Amino acid sequence: MAVNDTKLAAVADAENPAVVCGNVDDSKSSIDFAGRANWLRAAVLGANDGLVSTASLMLGVSAVKPDARAMVVSGFAGLLAGACSMAIGEYVSVCSQRDVEIAELDQAGKRGGDEEKALPSPAQAAAASALAFSVGALLPLLAAGFIVGYNLRVAVVVVVATLALAAFGCVGAVLGRAPVARSCARVVVGGLAAMAVTFGFMRLFRASGV
């Protein structure tokens, strides 16, 4: 029986070589993904935040003052302020994370090895976050910058923002190995809700004459 069991095990291994190879490849890809996770997370977060916050700001301003220049200027100001805020916030956050991980390496006596080289870079995360925020914020700005009509301008901003949110959701799902449909739906619904709330609330100020 022992001989038969050994033969069966050998046959099972021979018939399923991809299982063993797959485990090894998954481990390597997991390590590679972990090394890139910090700046990828910052980039995806920054792009989504830049798009939603800038589009919401532009729609909120247009709800009170239906002027193309005011809408574009407010969006550009939001781009600059948001990119700086994202960069500083990400830098401080990653610095804190890095300090904690360095302290753990000190306790384990592994300081100066490959583990320290794999630590997240605050400057890289800050740059990726600021750049991604700017790219996301530019989309509604470019969409509204060349349209004179108020209703068409608002509609174009909403449509462009929705399509971009869906694209960012897909990218985030692929990078995070999450279900694409659910990720896209979550990002799009959240972004549309933010724009609707901002536009609707600011519309009250116009109606009240403030």
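**Reading a helical model**

Modeller: There are seven helices and zero strands in the protein chain, and since what stands above is a predicted model, let us read the features with that in mind.

Biologist: In what order do the elements of the protein chain run from the N terminus on?

Modeller: The order is α-α-α-α-α-α-α, and of the 210 residues in this chain 31% count as buried.

Biologist: What share of the contacts with a separation of 6 or more do residues 24 or more positions apart account for in the protein chain?

Modeller: Such residues account for 77% of those contacts.

Biologist: Which residues have the most contacts inside the largest nonpolar core?

Modeller: That core has 29 residues, and Leu51, Leu59, Met71 and Val157 are the ones with the most contacts inside it. At least two of its residues are supplied by each of H2 (17–64), H3 (68–108), H5 (122–145), H6 (150–176) and H7 (180–208), while H5 gives the largest share, eight residues.

Biologist: Taking Leu51 as a case, which residues is it in contact with, leaving aside its neighbours within four places in sequence?

Modeller: With those neighbours left aside, Leu51 is in contact with Gly136, Ala137, Leu139, Pro140, Ala161, Ala164, Leu165 and Phe168.

Biologist: Why are H3 and H5 described as roughly antiparallel?

Modeller: An angle over 145 degrees between N-to-C directions counts as roughly antiparallel. The axes of H3 and H5 cross at roughly 165° and come within 8 Å, and the two helices are therefore roughly antiparallel to each other. H3 passes H5 in a right-handed crossing, and the residues of their contact divide into 20 nonpolar, six polar and two charged.

Definitions and conventions
Residues are numbered from 1 along each chain as its sequence is written. This is a predicted model: local features need pLDDT of at least 70, side-chain atom pairs count only at pLDDT 80 or more; totals for chains, interfaces and linings use all residues. Side-chain values use heavy atoms; hydrogens and water are left out. A nonpolar core is a set of buried Ala, Val, Leu, Ile, Met, Phe, Trp, Tyr and Cys residues joined through side-chain atoms within 4.5 Å. Buried means under 20% relative accessible area, exposed over 50%, partly exposed in between (1.4 Å probe, protein chains only). Helices (H or I, at least four residues) and strands (E, at least two) are DSSP runs, numbered from the N terminus. Contact means heavy atoms within 4.5 Å. Axes are lines fitted to C-alpha atoms, for helices over the stretch in contact, and angles run from 0 to 180 degrees between N-to-C directions. Angles under 35 degrees count as roughly parallel, over 145 as roughly antiparallel, 65 to 115 as roughly perpendicular and the rest as oblique. A crossing is left-handed if the near helix is turned anticlockwise from the far one by less than a right angle, and right-handed if clockwise. Ala, Val, Leu, Ile, Met, Phe, Trp, Tyr, Cys and Pro count as nonpolar, Asp, Glu, Lys and Arg as charged, and the others, Gly among them, as polar.
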